Amino acid sequence: MVQRLKDWGYWLVDQVGFDGFRLDFVRGFQESFVAEWVNNLPRVGGKQPFIVGEYWGSGERINNWVNTVASYGADVDGFDFPLKETLKNLCNDTNGNVNMGDLNHVGMVRAEHNSLPGTSIVTFLDNHDTGKEHDKWVRDDFHLGYAYILTHEGRPCIFYPHFYN
C-alpha cells in the first residue's frame, strides 16, 4: 500500500501537474511515512512540491510535527490553528471589545514558544472543516482577519466561500 500511495503522488505531480498538496489529518500518519511520501515526489522546477499538513492542535504539536517530518528530510508546512482561533474570536466580537493586543505572540510565527518561521506556516480563517461546528466559524467580520493574515508572516490561505459564496 505504501508503494501504491507513493506511485499515486508521483503520478499526480509528473502526469497531472500538481505542484502542491494539502495533507488531511496528518496526526494520523507516522511522520516518517509523510517524509518518505514527500521525498518520493518528483521535483517541480528543481524544488520539492509545496506540502501543508492539517494538524488540528496546539502550537507545540504543530511545531513538533513540522520539525519531525523535517528531521526525515522533507519540507512541510503546518496550518496555524492557534492564530485561526484568536482571529475567529476577534472577528466574531460584535460588542466592540476587539483588542488587537490579543494578537501578540499568538500565532505559530510570533509565539513565544514553539514558533516556526513564516515560510513553514499557512495562515487561514476558515476551511471546509471549520464550518461543521458553529463555534469554529468566522461568521461576522472576516475582512478583519484577512487584513491581518495578508499583511503578516506566513503563507495566507483565502477561503473561497468568504468572497464567492
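**A surface patch, an open sheet and its helices**

M1, L5, W8, W11, V16 and F18 come together as a nonpolar patch on the surface, with about 650 Å² of accessible area between them (Shrake-Rupley method, 1.4 Å probe, only the protein chains shown counting as cover for residues). Patches here take residues with over 30% relative accessible area and no salt bridge, joining nonpolar side chains (Val, Leu, Ile, Met, Phe, Trp, Tyr) within 5 Å and like charges within 9 Å; a salt bridge is a side-chain nitrogen of Lys or Arg within 4 Å of a carboxyl oxygen of Asp or Glu. The model is predicted, so to speak of local features takes pLDDT of at least 70 and side-chain atom pairs count only at pLDDT 80 or more, while totals for chains, interfaces and linings use all residues. Numbering starts from 1 along each chain as its sequence is written, and side-chain values use heavy atoms, with hydrogens and water left out.

At a relative accessible area of 41%, V16 counts as partly exposed, the class between buried (under 20%) and exposed (over 50%), with a 1.4 Å probe and protein chains only. Elsewhere in helix 1, K6, G9, L12 and V13 are buried, and their cover includes strand 1 and helix 2 (31-40), contact being heavy atoms within 4.5 Å. The length of helix 1 (residues 2-16) checks out: 15 residues at 1.5 Å a residue should span 21 Å, and the end C-alpha atoms sit 20 Å apart, which agrees; the expected span is 1.5 Å times one less than the number of residues. Just past helix 1, G17 adopts a positive phi of about 100°.

Five strands make up an open sheet, ordered 1-2-3-4-5 with parallel pairing, where a pair needs at least two bridges found by DSSP. Strand 1 (20-23) and strand 5 (155-156) are the edges, each pairing on one side only. Strand 1 joins strand 2 (residues 50-53) in the parallel sense over four bridges, with R22 partnered by V52. F21 and L23 lie on the covered face of strand 1, G20 and R22 on the uncovered one. Strand 4 (residues 121-123) and strand 5 pair over two bridges, also parallel, and V122 stands opposite R155.

Helix 4 (residues 81-91) has eight of its eleven residues buried, so it is largely enclosed by the rest of the structure. Among the buried ones are F81, L87 and C91. Their cover includes helix 3 (59-71), strand 3 (77-79), strand 4 and helix 5 (142-149).
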